[in-house]
Amino acid sequence: MTRINKAACIGGGVIGGGWIARFLLAGIDVDVFDPHPEATRIVGEVLANAEKAYAMLTGAPLPPRGKLTFRDTLEAAVGNADWIQESVPERLDLKRKVLTQIDAAAKPDALIGSSTSGLLPTDLQRDMRHPERLFVAHPYNPVYLLPLVEIVGGEKTSMEAIKAAMERLPPIGMKGVHIAKEIEAFVGDRLLEALWREALWLIKDDICTVETLDDVIRYSFGLRWAQMGLFQTYRIAGGEAGMRHFLAQFGPALKWNWTKLMDVVDLDDALVEKIGQQSDEQADGLSIRELERIRDENLVGILQTLKGSHGGKGWGAGKLLKDFEQDLWASTGGDELADVAQPLRLIETKVSPAWVDYNGHMTEHRYLQVFGDTSDALLRLIGVDFAYVERGHSYYTVETHIRHLGEAKLGQAIHSTAQILGSDEKRLHVFHTIYDTASGEAIATAEHMLLHVDAKAGKAAPAPEEVLGKIKPIAAVHAKLPVPEGVGRHVGQKR
(Lines give C-alpha, C1' and ligand atoms only; values in the text may rest on other atoms or scores of the structure.)
Protein backbone atom coordinates (compact mmCIF):
# COMPACT_ATOMS: atom_id res chain seq x y z
CA MET A 1 0.00 0.00 0.00
CA THR A 2 1.48 3.33 -1.11
CA ARG A 3 1.87 5.82 1.72
CA ILE A 4 2.53 9.52 2.13
CA ASN A 5 5.93 10.15 3.70
CA LYS A 6 5.75 13.93 4.11
CA ALA A 7 2.83 16.32 3.72
CA ALA A 8 2.48 20.07 3.39
CA CYS A 9 -0.65 22.08 4.08
CA ILE A 10 -1.10 25.58 2.71
CA GLY A 11 -3.85 27.16 4.78
CA GLY A 12 -4.77 26.08 8.29
CA GLY A 13 -8.40 27.10 8.73
CA VAL A 14 -11.32 24.77 9.36
CA ILE A 15 -10.56 22.50 6.39
CA GLY A 16 -6.79 22.98 6.32
CA GLY A 17 -6.59 22.32 10.05
CA GLY A 18 -8.61 19.14 9.57
CA TRP A 19 -6.18 17.93 6.90
CA ILE A 20 -3.25 18.73 9.18
CA ALA A 21 -4.81 16.68 11.99
CA ARG A 22 -5.62 13.77 9.66
CA PHE A 23 -2.01 13.62 8.42
CA LEU A 24 -0.41 14.03 11.85
CA LEU A 25 -2.54 11.33 13.49
CA ALA A 26 -1.56 8.97 10.67
CA GLY A 27 2.08 9.47 11.69
CA ILE A 28 2.96 11.82 8.83
CA ASP A 29 5.15 14.89 9.36
CA VAL A 30 3.42 18.06 8.18
CA ASP A 31 4.87 21.44 7.22
CA VAL A 32 2.36 24.29 7.31
CA PHE A 33 2.27 27.74 5.81
CA ASP A 34 -0.52 30.11 6.81
CA PRO A 35 0.06 33.88 7.15
CA HIS A 36 -2.91 34.27 9.47
CA PRO A 37 -1.60 35.74 12.77
CA GLU A 38 -3.56 33.18 14.83
CA ALA A 39 -2.84 30.15 12.65
CA THR A 40 -0.90 28.34 15.39
CA ARG A 41 -3.77 28.69 17.86
CA ILE A 42 -6.45 27.70 15.35
CA VAL A 43 -4.59 24.61 14.16
CA GLY A 44 -3.79 23.69 17.76
CA GLU A 45 -7.48 23.77 18.73
CA VAL A 46 -8.50 21.66 15.74
CA LEU A 47 -5.74 19.17 16.52
CA ALA A 48 -6.82 18.95 20.18
CA ASN A 49 -10.38 18.10 19.12
CA ALA A 50 -9.07 15.55 16.62
CA GLU A 51 -6.95 13.81 19.26
CA LYS A 52 -9.94 13.57 21.60
CA ALA A 53 -12.04 12.13 18.80
CA TYR A 54 -9.43 9.53 17.81
CA ALA A 55 -9.03 8.45 21.43
CA MET A 56 -12.73 7.55 21.38
CA LEU A 57 -12.77 6.27 17.80
CA THR A 58 -10.33 3.39 17.91
CA GLY A 59 -8.31 1.22 20.24
CA ALA A 60 -5.94 0.26 17.43
CA PRO A 61 -2.34 1.37 17.94
CA LEU A 62 -1.95 4.71 16.19
CA PRO A 63 1.55 5.45 14.93
CA PRO A 64 3.59 8.10 16.77
CA ARG A 65 2.10 11.48 15.93
CA GLY A 66 3.79 13.22 13.04
CA LYS A 67 5.87 16.33 13.58
CA LEU A 68 4.08 19.65 13.02
CA THR A 69 6.22 22.52 11.72
CA PHE A 70 5.04 26.01 10.80
CA ARG A 71 7.13 27.54 8.02
CA ASP A 72 7.70 31.22 7.27
CA THR A 73 7.27 30.82 3.52
CA LEU A 74 5.20 28.69 1.21
CA GLU A 75 8.33 27.51 -0.57
CA ALA A 76 9.86 26.20 2.66
CA ALA A 77 6.67 24.32 3.50
CA VAL A 78 6.25 22.45 0.22
CA GLY A 79 9.86 21.77 -0.75
CA ASN A 80 10.13 18.21 0.63
CA ALA A 81 6.48 17.13 0.60
CA ASP A 82 5.03 14.14 -1.25
CA TRP A 83 1.43 15.38 -0.92
CA ILE A 84 0.62 19.10 -0.83
CA GLN A 85 -2.88 20.16 0.17
CA GLU A 86 -4.00 23.68 -0.66
CA SER A 87 -6.86 25.01 1.51
CA VAL A 88 -6.85 28.77 0.99
CA PRO A 89 -10.07 30.87 0.68
CA GLU A 90 -12.42 30.03 -2.19
CA ARG A 91 -11.29 32.68 -4.72
CA LEU A 92 -10.13 31.58 -8.15
CA ASP A 93 -7.48 34.28 -8.51
CA LEU A 94 -6.01 33.53 -5.08
CA LYS A 95 -6.03 29.77 -5.57
CA ARG A 96 -4.41 30.08 -9.01
CA LYS A 97 -1.65 32.25 -7.57
CA VAL A 98 -1.01 29.91 -4.63
CA LEU A 99 -1.10 26.74 -6.73
CA THR A 100 1.33 28.25 -9.24
CA GLN A 101 3.71 29.04 -6.36
CA ILE A 102 3.34 25.51 -5.02
CA ASP A 103 3.96 24.04 -8.46
CA ALA A 104 7.18 26.04 -8.86
CA ALA A 105 8.58 25.07 -5.44
CA ALA A 106 7.45 21.44 -5.08
CA LYS A 107 9.36 18.29 -5.98
CA PRO A 108 8.64 17.07 -9.54
CA ASP A 109 6.82 13.97 -8.28
CA ALA A 110 4.81 15.67 -5.52
CA LEU A 111 1.02 15.41 -5.71
CA ILE A 112 -0.95 18.64 -5.36
CA GLY A 113 -4.53 18.59 -4.12
CA SER A 114 -6.92 21.50 -3.78
CA SER A 115 -9.63 21.54 -1.12
CA THR A 116 -11.92 23.68 -3.27
CA SER A 117 -15.63 23.07 -2.80
CA GLY A 118 -16.59 23.86 -6.38
CA LEU A 119 -13.92 25.50 -8.56
CA LEU A 120 -12.97 23.49 -11.62
CA PRO A 121 -9.51 21.91 -11.62
CA THR A 122 -9.03 22.91 -15.25
CA ASP A 123 -9.36 26.56 -14.21
CA LEU A 124 -7.07 26.06 -11.22
CA GLN A 125 -4.24 24.44 -13.19
CA ARG A 126 -4.22 27.04 -16.00
CA ASP A 127 -0.91 28.73 -15.09
CA MET A 128 0.98 25.71 -13.70
CA ARG A 129 4.12 24.34 -15.34
CA HIS A 130 3.18 20.80 -14.23
CA PRO A 131 -0.63 20.83 -14.36
CA GLU A 132 -0.76 17.05 -14.76
CA ARG A 133 -0.28 16.54 -11.00
CA LEU A 134 -2.99 18.94 -9.83
CA PHE A 135 -6.39 17.53 -8.83
CA VAL A 136 -9.22 18.55 -6.57
CA ALA A 137 -9.17 16.64 -3.28
CA HIS A 138 -12.43 17.83 -1.75
CA PRO A 139 -13.00 16.58 1.82
CA TYR A 140 -15.86 17.03 4.28
CA ASN A 141 -15.75 18.69 7.66
CA PRO A 142 -14.44 17.47 10.07
CA VAL A 143 -11.70 16.14 7.81
CA TYR A 144 -10.12 14.13 10.63
CA LEU A 145 -13.31 12.06 11.10
CA LEU A 146 -15.31 12.07 7.86
CA PRO A 147 -13.35 9.83 5.51
CA LEU A 148 -14.61 10.80 2.05
CA VAL A 149 -12.48 12.73 -0.48
CA GLU A 150 -13.80 13.61 -3.93
CA ILE A 151 -10.91 13.30 -6.39
CA VAL A 152 -11.52 15.35 -9.54
CA GLY A 153 -9.05 15.84 -12.36
CA GLY A 154 -8.88 18.68 -14.85
CA GLU A 155 -8.23 18.59 -18.59
CA LYS A 156 -4.48 18.36 -18.01
CA THR A 157 -4.51 16.06 -14.96
CA SER A 158 -2.87 12.70 -15.63
CA MET A 159 -4.58 9.43 -14.73
CA GLU A 160 -1.33 8.49 -12.99
CA ALA A 161 -1.84 11.37 -10.56
CA ILE A 162 -5.47 10.37 -9.95
CA LYS A 163 -4.45 6.77 -9.31
CA ALA A 164 -1.61 7.82 -7.01
CA ALA A 165 -3.95 10.04 -5.00
CA MET A 166 -6.53 7.26 -4.62
CA GLU A 167 -3.84 4.83 -3.42
CA ARG A 168 -2.50 7.20 -0.76
CA LEU A 169 -5.81 7.84 1.00
CA PRO A 170 -6.63 4.42 2.60
CA PRO A 171 -3.47 4.38 4.78
CA ILE A 172 -4.69 7.59 6.45
CA GLY A 173 -8.19 6.17 6.91
CA MET A 174 -9.83 8.00 4.01
CA LYS A 175 -11.80 6.86 0.97
CA GLY A 176 -11.24 8.51 -2.36
CA VAL A 177 -14.04 8.56 -4.92
CA HIS A 178 -13.04 9.50 -8.47
CA ILE A 179 -15.53 11.90 -10.06
CA ALA A 180 -15.41 11.01 -13.75
CA LYS A 181 -16.20 14.49 -15.15
CA GLU A 182 -15.41 17.89 -13.70
CA ILE A 183 -18.50 19.94 -12.93
CA GLU A 184 -18.97 22.89 -10.62
CA ALA A 185 -19.41 21.74 -7.01
CA PHE A 186 -18.71 18.12 -8.00
CA VAL A 187 -21.19 15.60 -6.51
CA GLY A 188 -21.51 16.10 -2.76
CA ASP A 189 -21.85 19.87 -2.81
CA ARG A 190 -24.34 19.70 -5.68
CA LEU A 191 -26.60 17.57 -3.53
CA LEU A 192 -26.03 19.79 -0.51
CA GLU A 193 -26.67 22.95 -2.51
CA ALA A 194 -30.06 21.64 -3.65
CA LEU A 195 -31.05 20.81 -0.08
CA TRP A 196 -29.63 24.10 1.22
CA ARG A 197 -31.52 26.20 -1.33
CA GLU A 198 -34.83 24.51 -0.49
CA ALA A 199 -34.10 24.85 3.25
CA LEU A 200 -33.57 28.61 2.90
CA TRP A 201 -36.93 28.97 1.16
CA LEU A 202 -38.66 27.04 3.95
CA ILE A 203 -37.23 29.44 6.52
CA LYS A 204 -37.92 32.56 4.44
CA ASP A 205 -41.54 31.51 3.89
CA ASP A 206 -42.00 30.81 7.63
CA ILE A 207 -42.84 27.16 7.00
CA CYS A 208 -40.63 26.18 9.93
CA THR A 209 -37.69 27.34 12.06
CA VAL A 210 -34.08 26.27 11.61
CA GLU A 211 -34.42 23.96 14.61
CA THR A 212 -37.51 22.27 13.20
CA LEU A 213 -35.80 21.82 9.86
CA ASP A 214 -32.74 20.28 11.51
CA ASP A 215 -34.99 17.98 13.53
CA VAL A 216 -36.71 16.78 10.36
CA ILE A 217 -33.31 15.80 8.96
CA ARG A 218 -31.67 14.29 12.04
CA TYR A 219 -34.69 12.28 13.19
CA SER A 220 -35.54 10.82 9.78
CA PHE A 221 -33.71 10.57 6.48
CA GLY A 222 -30.43 11.84 7.96
CA LEU A 223 -30.20 8.59 9.92
CA ARG A 224 -30.84 6.58 6.77
CA TRP A 225 -28.28 8.50 4.73
CA ALA A 226 -25.58 7.95 7.34
CA GLN A 227 -25.49 4.25 6.64
CA MET A 228 -27.09 3.53 3.27
CA GLY A 229 -27.01 6.65 1.12
CA LEU A 230 -29.80 7.63 -1.24
CA PHE A 231 -30.24 5.01 -3.95
CA GLN A 232 -29.87 1.97 -1.72
CA THR A 233 -32.37 3.48 0.73
CA TYR A 234 -34.91 3.90 -2.06
CA ARG A 235 -34.19 0.40 -3.37
CA ILE A 236 -35.53 -0.87 -0.05
CA ALA A 237 -38.48 1.52 -0.31
CA GLY A 238 -39.42 -0.24 -3.55
CA GLY A 239 -40.04 -3.45 -1.63
CA GLU A 240 -39.25 -6.83 -3.13
CA ALA A 241 -39.55 -5.40 -6.64
CA GLY A 242 -36.67 -3.05 -5.86
CA MET A 243 -35.60 0.16 -7.56
CA ARG A 244 -37.63 -0.28 -10.76
CA HIS A 245 -40.86 -0.46 -8.78
CA PHE A 246 -39.88 2.55 -6.69
CA LEU A 247 -39.18 4.64 -9.80
CA ALA A 248 -42.40 3.52 -11.44
CA GLN A 249 -44.42 4.38 -8.35
CA PHE A 250 -42.81 7.65 -7.30
CA GLY A 251 -41.21 8.87 -10.54
CA PRO A 252 -44.32 10.74 -11.73
CA ALA A 253 -44.28 12.81 -8.53
CA LEU A 254 -41.07 14.46 -9.73
CA LYS A 255 -43.17 16.51 -12.15
CA TRP A 256 -45.17 18.02 -9.32
CA ASN A 257 -44.21 21.55 -8.43
CA TRP A 258 -43.16 20.83 -4.86
CA THR A 259 -39.80 22.57 -4.71
CA LYS A 260 -38.16 25.90 -5.41
CA LEU A 261 -34.82 24.38 -6.34
CA MET A 262 -34.29 26.64 -9.34
CA ASP A 263 -35.32 29.82 -7.52
CA VAL A 264 -32.54 31.61 -5.66
CA VAL A 265 -33.41 33.01 -2.26
CA ASP A 266 -32.69 36.70 -1.75
CA LEU A 267 -30.42 36.63 1.31
CA ASP A 268 -31.31 40.15 2.36
CA ASP A 269 -30.50 41.56 5.78
CA ALA A 270 -33.88 40.56 7.19
CA LEU A 271 -33.51 36.88 6.21
CA VAL A 272 -29.90 36.75 7.41
CA GLU A 273 -30.97 38.18 10.76
CA LYS A 274 -33.92 35.77 11.03
CA ILE A 275 -31.70 32.75 10.39
CA GLY A 276 -28.96 34.11 12.65
CA GLN A 277 -31.34 34.70 15.54
CA GLN A 278 -32.99 31.29 15.21
CA SER A 279 -29.57 29.65 15.01
CA ASP A 280 -28.44 31.46 18.18
CA GLU A 281 -31.55 30.24 19.99
CA GLN A 282 -30.98 26.69 18.74
CA ALA A 283 -27.37 26.70 20.00
CA ASP A 284 -28.67 27.54 23.48
CA GLY A 285 -25.37 29.07 24.61
CA LEU A 286 -23.08 26.32 23.33
CA SER A 287 -19.85 27.64 21.82
CA ILE A 288 -18.55 26.57 18.43
CA ARG A 289 -15.86 24.43 20.10
CA GLU A 290 -18.49 22.77 22.33
CA LEU A 291 -20.67 22.05 19.31
CA GLU A 292 -17.65 20.61 17.48
CA ARG A 293 -16.95 18.25 20.37
CA ILE A 294 -20.59 17.11 20.50
CA ARG A 295 -20.53 16.59 16.72
CA ASP A 296 -17.33 14.55 16.98
CA GLU A 297 -18.69 12.36 19.78
CA ASN A 298 -21.82 11.66 17.75
CA LEU A 299 -19.84 10.83 14.61
CA VAL A 300 -17.57 8.49 16.56
CA GLY A 301 -20.62 6.67 17.90
CA ILE A 302 -22.11 6.29 14.42
CA LEU A 303 -18.81 5.09 12.93
CA GLN A 304 -18.29 2.52 15.68
CA THR A 305 -21.83 1.23 15.31
CA LEU A 306 -21.33 0.86 11.56
CA LYS A 307 -18.01 -0.90 12.21
CA GLY A 308 -19.84 -3.66 14.08
CA SER A 309 -22.66 -3.91 11.53
CA HIS A 310 -23.24 -6.59 8.87
CA GLY A 311 -22.29 -9.50 11.10
CA GLY A 312 -19.13 -7.79 12.31
CA LYS A 313 -17.84 -7.21 8.78
CA GLY A 314 -18.59 -3.49 8.97
CA TRP A 315 -20.79 -1.38 6.69
CA GLY A 316 -20.14 1.83 4.78
CA ALA A 317 -17.86 4.20 6.65
CA GLY A 318 -17.69 1.61 9.45
CA LYS A 319 -16.19 -0.94 7.04
CA LEU A 320 -13.58 1.65 6.09
CA LEU A 321 -12.78 2.20 9.79
CA LYS A 322 -12.49 -1.56 10.33
CA ASP A 323 -10.08 -1.90 7.39
CA PHE A 324 -8.08 1.10 8.64
CA GLU A 325 -7.75 -0.47 12.09
CA GLN A 326 -6.63 -3.79 10.61
CA ASP A 327 -3.95 -1.93 8.69
CA LEU A 328 -2.85 -0.19 11.91
CA TRP A 329 -2.62 -3.49 13.76
CA ALA A 330 -0.76 -5.14 10.88
CA SER A 331 1.70 -2.25 10.61
CA THR A 332 2.83 -2.78 14.20
CA GLY A 333 4.27 -6.16 13.27
CA GLY A 334 2.85 -7.56 16.50
CA ASP A 335 2.32 -5.77 19.78
CA GLU A 336 5.48 -4.76 21.61
CA LEU A 337 5.92 -5.87 25.19
CA ALA A 338 7.20 -3.33 27.68
CA ASP A 339 7.72 -5.86 30.49
CA VAL A 340 6.95 -9.59 30.22
CA ALA A 341 7.61 -9.95 33.94
CA GLN A 342 4.28 -8.24 34.64
CA PRO A 343 0.76 -8.76 33.32
CA LEU A 344 0.96 -7.49 29.75
CA ARG A 345 -0.43 -3.99 29.23
CA LEU A 346 -2.13 -4.32 25.84
CA ILE A 347 -5.05 -1.94 25.28
CA GLU A 348 -5.17 1.82 25.84
CA THR A 349 -8.45 3.56 25.07
CA LYS A 350 -11.12 5.98 26.26
CA VAL A 351 -14.79 5.32 26.91
CA SER A 352 -16.60 6.32 23.72
CA PRO A 353 -20.05 7.94 23.54
CA ALA A 354 -21.19 4.76 21.76
CA TRP A 355 -20.20 2.73 24.82
CA VAL A 356 -22.25 4.43 27.53
CA ASP A 357 -25.74 3.67 28.84
CA TYR A 358 -28.42 6.02 30.17
CA ASN A 359 -26.41 6.44 33.39
CA GLY A 360 -23.39 7.75 31.51
CA HIS A 361 -21.44 4.60 32.42
CA MET A 362 -19.85 2.06 30.10
CA THR A 363 -22.55 -0.48 29.30
CA GLU A 364 -22.07 -4.18 30.06
CA HIS A 365 -21.28 -5.57 26.63
CA ARG A 366 -18.57 -2.96 26.09
CA TYR A 367 -16.56 -4.46 28.93
CA LEU A 368 -16.63 -7.72 27.03
CA GLN A 369 -15.53 -5.82 23.91
CA VAL A 370 -12.48 -4.39 25.69
CA PHE A 371 -11.65 -7.81 27.13
CA GLY A 372 -12.07 -9.31 23.65
CA ASP A 373 -9.76 -6.64 22.21
CA THR A 374 -7.25 -7.57 24.94
CA SER A 375 -7.42 -11.23 23.94
CA ASP A 376 -6.97 -10.24 20.29
CA ALA A 377 -3.90 -8.19 21.19
CA LEU A 378 -2.45 -11.14 23.12
CA LEU A 379 -3.13 -13.45 20.18
CA ARG A 380 -1.37 -11.10 17.77
CA LEU A 381 1.56 -11.12 20.15
CA ILE A 382 1.89 -14.90 19.86
CA GLY A 383 1.53 -14.89 16.09
CA VAL A 384 -2.21 -15.46 15.76
CA ASP A 385 -2.79 -12.42 13.55
CA PHE A 386 -5.04 -11.70 10.56
CA ALA A 387 -2.86 -13.73 8.21
CA TYR A 388 -2.89 -16.68 10.62
CA VAL A 389 -6.69 -16.61 10.85
CA GLU A 390 -7.02 -16.40 7.05
CA ARG A 391 -5.03 -19.65 6.85
CA GLY A 392 -7.86 -21.37 8.73
CA HIS A 393 -6.80 -21.51 12.39
CA SER A 394 -7.47 -19.38 15.43
CA TYR A 395 -8.26 -19.37 19.15
CA TYR A 396 -11.94 -19.28 20.15
CA THR A 397 -13.12 -18.19 23.60
CA VAL A 398 -15.14 -21.04 25.12
CA GLU A 399 -15.70 -19.73 28.66
CA THR A 400 -15.74 -16.28 30.27
CA HIS A 401 -16.38 -14.87 33.73
CA ILE A 402 -16.51 -11.07 34.17
CA ARG A 403 -16.50 -9.19 37.48
CA HIS A 404 -17.52 -5.52 37.63
CA LEU A 405 -15.56 -3.80 40.40
CA GLY A 406 -16.01 -0.13 39.54
CA GLU A 407 -17.45 2.23 36.95
CA ALA A 408 -16.04 3.48 33.66
CA LYS A 409 -17.57 6.77 32.52
CA LEU A 410 -17.76 8.73 29.28
CA GLY A 411 -14.35 9.96 28.14
CA GLN A 412 -12.49 8.12 30.91
CA ALA A 413 -9.04 6.80 29.97
CA ILE A 414 -8.76 3.08 30.63
CA HIS A 415 -6.24 0.35 29.88
CA SER A 416 -6.17 -3.43 30.13
CA THR A 417 -3.66 -6.10 31.07
CA ALA A 418 -3.40 -9.82 30.37
CA GLN A 419 -1.82 -12.58 32.49
CA ILE A 420 -1.41 -16.12 31.20
CA LEU A 421 -2.52 -18.53 33.93
CA GLY A 422 -1.84 -21.73 32.03
CA SER A 423 -1.58 -23.30 28.61
CA ASP A 424 -1.16 -26.55 26.73
CA GLU A 425 -1.18 -27.50 23.07
CA LYS A 426 -4.88 -26.64 22.68
CA ARG A 427 -5.88 -24.43 25.64
CA LEU A 428 -4.95 -20.93 26.73
CA HIS A 429 -6.14 -19.81 30.18
CA VAL A 430 -5.90 -16.03 30.70
CA PHE A 431 -6.91 -13.34 33.19
CA HIS A 432 -7.57 -9.77 32.04
CA THR A 433 -8.03 -6.60 34.10
CA ILE A 434 -9.37 -3.19 33.04
CA TYR A 435 -7.90 -0.26 34.98
CA ASP A 436 -8.72 3.40 35.36
CA THR A 437 -5.56 4.87 33.86
CA ALA A 438 -5.61 7.97 36.05
CA SER A 439 -6.01 6.24 39.43
CA GLY A 440 -4.65 2.80 38.63
CA GLU A 441 -7.71 1.19 40.26
CA ALA A 442 -9.16 -2.00 38.80
CA ILE A 443 -12.57 -1.48 37.19
CA ALA A 444 -13.29 -5.02 35.98
CA THR A 445 -11.69 -8.42 35.54
CA ALA A 446 -12.34 -11.30 33.16
CA GLU A 447 -11.16 -14.89 33.23
CA HIS A 448 -11.18 -16.63 29.85
CA MET A 449 -10.50 -20.09 28.51
CA LEU A 450 -9.50 -20.08 24.85
CA LEU A 451 -9.33 -23.13 22.63
CA HIS A 452 -7.19 -23.46 19.52
CA VAL A 453 -9.33 -24.58 16.58
CA ASP A 454 -9.12 -25.66 12.99
CA ALA A 455 -11.86 -23.40 11.59
CA LYS A 456 -12.26 -25.39 8.38
CA ALA A 457 -12.68 -28.69 10.22
CA GLY A 458 -14.82 -27.05 12.89
CA LYS A 459 -13.05 -28.67 15.84
CA ALA A 460 -10.26 -28.17 18.35
CA ALA A 461 -6.73 -28.79 17.10
CA PRO A 462 -3.21 -28.46 18.56
CA ALA A 463 -1.55 -25.13 17.98
CA PRO A 464 1.63 -25.24 15.88
CA GLU A 465 5.02 -24.97 17.50
CA GLU A 466 5.52 -21.48 16.05
CA VAL A 467 2.64 -20.31 18.29
CA LEU A 468 3.37 -22.51 21.31
CA GLY A 469 6.97 -21.34 21.19
CA LYS A 470 5.81 -17.78 21.81
CA ILE A 471 3.30 -18.72 24.52
CA LYS A 472 5.62 -20.85 26.66
CA PRO A 473 8.20 -18.22 27.69
CA ILE A 474 5.47 -15.73 28.65
CA ALA A 475 3.53 -18.41 30.54
CA ALA A 476 6.70 -19.48 32.37
CA VAL A 477 7.31 -15.92 33.61
CA HIS A 478 3.65 -15.35 34.48
CA ALA A 479 3.56 -18.60 36.49
CA LYS A 480 5.86 -16.90 38.99
CA LEU A 481 3.48 -13.95 39.46
CA PRO A 482 0.90 -13.94 42.28
CA VAL A 483 -2.38 -15.55 41.26
CA PRO A 484 -4.81 -12.65 40.69
CA GLU A 485 -7.59 -12.22 43.23
CA GLY A 486 -10.74 -13.43 41.54
CA VAL A 487 -9.30 -16.39 39.64
CA GLY A 488 -11.72 -19.33 39.78
CA ARG A 489 -14.61 -17.31 41.18
CA HIS A 490 -18.17 -18.08 40.14
CA VAL A 491 -21.41 -16.12 40.32
CA GLY A 492 -22.67 -15.67 43.90
CA GLN A 493 -19.50 -16.94 45.55
CA LYS A 494 -18.79 -15.44 48.95
CA ARG A 495 -15.53 -13.67 49.56
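Asp-327 and Arg-3 form a salt bridge, with 3.0 Å between the closest N and O atoms; a salt bridge is defined as a side-chain nitrogen of Lys or Arg within 4 Å of a carboxyl oxygen of Asp or Glu. Because Asp-327 belongs to helix α14 and Arg-3 to the segment before β1 (6–10), the pair ties together parts that are 324 residues apart in sequence. Asp-327 is buried at a relative accessible area of 19%, whereas Arg-3 is partly exposed at 38% (buried, under 20% relative accessible area; exposed, over 50%; partly exposed, in between; 1.4 Å probe, protein chains only). The model is predicted, and local features need pLDDT of at least 70, side-chain atom pairs count only at pLDDT 80 or more, and totals for chains, interfaces and linings use all residues. Residues are numbered from 1 along each chain as its sequence is written, and side-chain values use heavy atoms, with hydrogens and water left out.

The protein chain has 495 residues, of which 44% count as buried. Its secondary structure comes to 17 helices and 14 strands, taken as DSSP runs numbered from the N terminus (helices, H or I, at least four residues; strands, E, at least two). Along the principal axes, the C-alpha atoms fill a box of roughly 75 × 55 × 50 Å.

In the whole structure, 26 salt bridges are found. Within helix α14, Asp-323 and Lys-319 are four residues apart, about one turn of the helix, and their side chains meet in a salt bridge at 2.8 Å, N to O. Asp-323 is partly exposed at a relative accessible area of 35%, and Lys-319 is partly exposed at 34%. In helix α13, Arg-289 and Glu-292 are three residues apart, about one helical turn, and form a salt bridge of 2.8 Å, N to O. Glu-292 is buried at 16% relative accessibility, while Arg-289, at 25%, is partly exposed. A network of salt bridges links Arg-289 and Glu-292 with Glu-38, Arg-41 and Glu-45.

Two cavities of 30 Å³ or more are found in the whole structure. On a 1 Å grid over the protein atoms alone, a cavity is a set of points where a 1.4 Å probe fits but cannot get out, a pocket is an open set with protein on both sides within 12 Å along at least five of seven lines, and lining residues have an atom within 4 Å of a point. The largest cavity holds about 110 Å³ of space, and its lining includes Arg-22, Tyr-54, Tyr-144 and Phe-324. Helix α14 gives the most to this lining, with four residues. The second largest cavity holds about 60 Å³; among its lining residues are Asn-49, Tyr-144, Glu-292 and Arg-295. Helices α1 (14–25), α2 and α13 (288–307) each supply at least two residues of that lining.

The second largest pocket holds about 1,100 Å³ of space. Its lining comprises 37 residues, of which Lys-322, Asp-373, Asp-376, Arg-380 and Phe-386 lie nearest its centre. Helix α15 provides the largest share of the lining, ten residues.

On the surface, Leu-195, Trp-225, Leu-230, Phe-231 and Tyr-234 form a nonpolar patch with about 470 Å² of accessible area together. Patches are made of residues with over 30% relative accessible area and no salt bridge, with like charges joined within 9 Å and nonpolar side chains (Val, Leu, Ile, Met, Phe, Trp, Tyr) within 5 Å; accessible areas come from the Shrake-Rupley method with a 1.4 Å probe. Tyr-234 is found in helix α10 (residues 231–237).

Technical notes
Grid points are joined across faces, edges and corners, and a volume is the space filled by probe spheres set on the points.
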